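Hi everyone, thanks for making time this morning.

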Amino acid sequence: MLRWRITLGVLFSVLLAGLCWLDAQASTPGVWLLPLALLIAFLATDELSRMLAARAPSALGAVIYLGNVAIVASNWAPQLMPKFALETWTWPALALAGIMIAALVVEVVRYREPARQTERLALEALGLVYIGLLLSFAVQMRFAGPQGDWGLAAIASLILVVKLCDIGAYTVGRLIGRHKLAPRLSPGKTIEGGFGGVVFAIFGAWLSLTVLWPAMSRVSPPAVAPWQWLGFGLTVGVAGTIGDLAESLLKRDLGRKDSSDWMPGFGGVLDLLDSILVGAPVAYFWWHYLL
């Protein structure tokens, strides 16, 4: 199992690195990463739909699949259609509103008698916000800096911090972990591991903001003060941990061990994406207002 996890991890890293290299050469920021983001949105929606099916059959219908893909795709509208003078976040907001209205229309049209329509709509709203909206923050980070020049460094900082936090929490927890962090949600997580994860996350923030950012950018970035990489690592790392626990909450409540079993050793797309989804809004705030 360990060998399989390492193999998959290397393959994912090579694929992502290749797409990022191609994206860095493109005239339109994000054009090579767009298909990957759309695929992730679709697969994550499919996994969430299958998880929720045990609680509310057909909770996430075709409208939500198309909705999350549309919300994520809408983030590229200003890049692909510059003539439309709308604010950047207006596009995903319009997509979210439009799909929510479509979900309401679907329930109105097919209504025959009370049959948990309110619960279905609530779960559909959860799917749109949890996947479509939160993933949009990660997508928007691709456009950071002059003409999106800092975007790849921004995405790298998010992924590096949350994943190093995971690695640190697991490593330190296995070595010296004694006190459970959330025993009912995730029995393997410990308080000692949580502190170790934060230390690893801060190291990841220092590495990504002071070493990788200048190395990956054609336009020289501003100097990064110690309080900035410390704050970035701490807040994004903690947010990523909350994201991990939040997905554990969903899985526990729905009686699932993993969001999917198509990647042995990793679980599903949501199992890889959980910490990134919640960490993305925090990282976005840092990149757009504090860095």
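With 22 residues at 1.5 Å a residue, H10 should span 32 Å, and its end C-alpha atoms are 30 Å apart, which agrees. Do keep in mind that what we have here is a predicted model.

Now, where in H10 does the kink lie? If you follow the helix along, you'll find it at Gly 279, a kink of about 40°, shortly before the proline Pro 281.

Gly 279 also turns up in the next part of the story, as one of the H10 residues that meet H7. H7 covers residues 151-176 and H10 covers residues 269-290; their axes come within 9 Å and cross at roughly 130°. That angle makes H7 oblique to H10, and the crossing is right-handed. On the H7 side, the residues in contact include Ala 153, Ala 154, Ser 157 and Val 162, along with Lys 163 and Asp 166. Facing them from H10 are, among others, Leu 272, Ser 275, Ile 276, Ala 283 and Trp 287. Sorted by class, this contact has ten nonpolar, three polar and two charged residues.

Let's move over to H2, residues 34-52, and its partner H6, residues 117-140. Here the axes are 11 Å apart and the packing angle is about 155°. Anything over 145 degrees counts as roughly antiparallel, and H2 and H6 are therefore roughly antiparallel to each other. Their crossing is right-handed. From H2 we have Ala 37, Ile 40, Ala 41, Ala 44, Thr 45, Leu 48 and Leu 52, and they meet Leu 123, Gly 127, Tyr 130, Ile 131, Leu 135 and Val 139 in H6. How many charged residues does this contact have? There are no charged ones, with eleven nonpolar and two polar.

H2 has another partner for us, H9, which runs over residues 226-254. These two pack at an angle of about 35°, with axes 9 Å apart.

How values were computed:
Residues numbered from 1 in each chain as written. Predicted model: local features only at pLDDT ≥ 70, side-chain atom pairs only at ≥ 80, totals over all residues. Heavy atoms only, no water. Axes fitted to C-alpha atoms, helices over the stretch in contact; angles between N-to-C directions. Helix = DSSP H or I, 4+ residues; strand = E, 2+ residues; numbered from the N terminus. Parallel < 35°, antiparallel > 145°, perpendicular 65-115°, else oblique. Left-handed = near helix turned anticlockwise from the far one by under 90°. Contact = heavy atoms within 4.5 Å. Nonpolar A, V, L, I, M, F, W, Y, C, P; charged D, E, K, R; others polar. Expected span 1.5 Å × (residues − 1). Bend = angle between axes of the 7 residues up to and from the residue.
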